[in-house]
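Here are my notes on the model you sent. Please read them with the sequence and the structure open.

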Amino acid sequence: MNMKSILPLTVLLLALVAQAQDPAVVAPDFYKCTFENEHARLCEVSFKPGATIPSHSHPQHLVYAVTSGKIRIFKANAEPTDVELVPGQVLWIPAETHHGTNTGDAELKLLVVEFRDLKDAAMDKAEDKAKADTESKPSGQ
């Protein structure tokens, strides 16, 4: 094989690997994307107690808890993180690859908003972080 024939094959393989990390592709039973354009995508996520969502990637994104629940998040080269969610809680999560297990007793329902335009942007302003932290707490706390 010469270089001219290897390059298109390499590009195709890289595209397939990137697509395979898409949660809507690797976990269609969990993710239902209801809105998508060049700037953002909204997905409804639902999974039963004990279920594990396969490894997938997100650009920077917001997670809105529709129901209460517990989830354990696994990332490469890191200890698992346990998160307890309450309805209305909002989390800002940087771009990452992870998988998760519902460790609670009930079905967990979330809304995930991925921001394509923010793919390489950092939330580095103190007021942005403070605002995100404040908005992530449910009302009444």
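The points below go from the overall fold to the sheet, the pocket and the aromatic pairs.

1. Model and composition. This is a predicted model, and the comments should be read with that in mind. The chain contains three helices and nine strands. Of the 141 residues, 28% count as buried.

2. The open sheet. Five strands make up an open sheet, ordered β1-β2-β9-β4-β7, with antiparallel pairing. Strands β1 and β7 (90-93) lie at the edges, and each of them pairs on one side only. Within this sheet, neighbouring strands are turned against each other by 20 degrees on average, direction ignored.

3. The β4-β7 pairing. Strand β4, residues 61-65, is joined to β7 by four bridges in the antiparallel sense. If you want a position to check by eye, L62 stands opposite W92 of β7.

4. The largest pocket. Its volume is about 340 Å³. The lining comprises 22 residues, and those closest to the centre of the pocket are V63, I73, I93, E96 and H98. By class, the lining divides into 13 nonpolar, seven polar and two charged residues.

5. Where the lining comes from. Which strand gives the most to the lining of the largest pocket? That is β8, with four residues. Strands that each supply at least two residues of this lining include β3 (52-58), β5 (69-74), β6 (81-85), β8 (96-102) and β9 (108-115). Strands β2, β4 and β7 also each supply at least two.

6. Aromatic pairs. The structure holds two of these. One is formed by F30 and F47: the ring centres are 5.7 Å apart and the planes meet at 70 degrees, so the pair is edge-to-face, given that angles over 60 degrees fall in that class. The two residues are 17 apart in the chain and link distant parts of it. F30 sits in the loop between α2 (23-26) and β1 (31-36), whereas F47 belongs to strand β2, residues 40-47.

7. Burial of this pair. Are F30 and F47 buried or exposed? F30 has a relative accessible area of 16% and is therefore buried, the limit being under 20%. F47 is buried as well, with a relative accessible area of 1%.

Terms used
Residues are numbered from 1 along each chain as its sequence is written. This is a predicted model: local features need pLDDT of at least 70, side-chain atom pairs count only at pLDDT 80 or more; totals for chains, interfaces and linings use all residues. Side-chain values use heavy atoms; hydrogens and water are left out. Rings of Phe, Tyr and Trp (its six-membered ring) pair if their centres lie within 6.5 Å; planes under 30 degrees apart count as stacked, over 60 as edge-to-face and the rest as tilted. Buried means under 20% relative accessible area, exposed over 50%, partly exposed in between (1.4 Å probe, protein chains only). Two strands pair if DSSP finds at least two bridges between them. Axes are lines fitted to C-alpha atoms, for helices over the stretch in contact, and angles run from 0 to 180 degrees between N-to-C directions. On a 1 Å grid over the protein atoms alone, a cavity is a set of points where a 1.4 Å probe fits but cannot get out, and a pocket is an open set with protein on both sides within 12 Å along at least five of seven lines; lining residues have an atom within 4 Å of a point. Grid points are joined across faces, edges and corners, and a volume is the space filled by probe spheres set on the points. Ala, Val, Leu, Ile, Met, Phe, Trp, Tyr, Cys and Pro count as nonpolar, Asp, Glu, Lys and Arg as charged, and the others, Gly among them, as polar.
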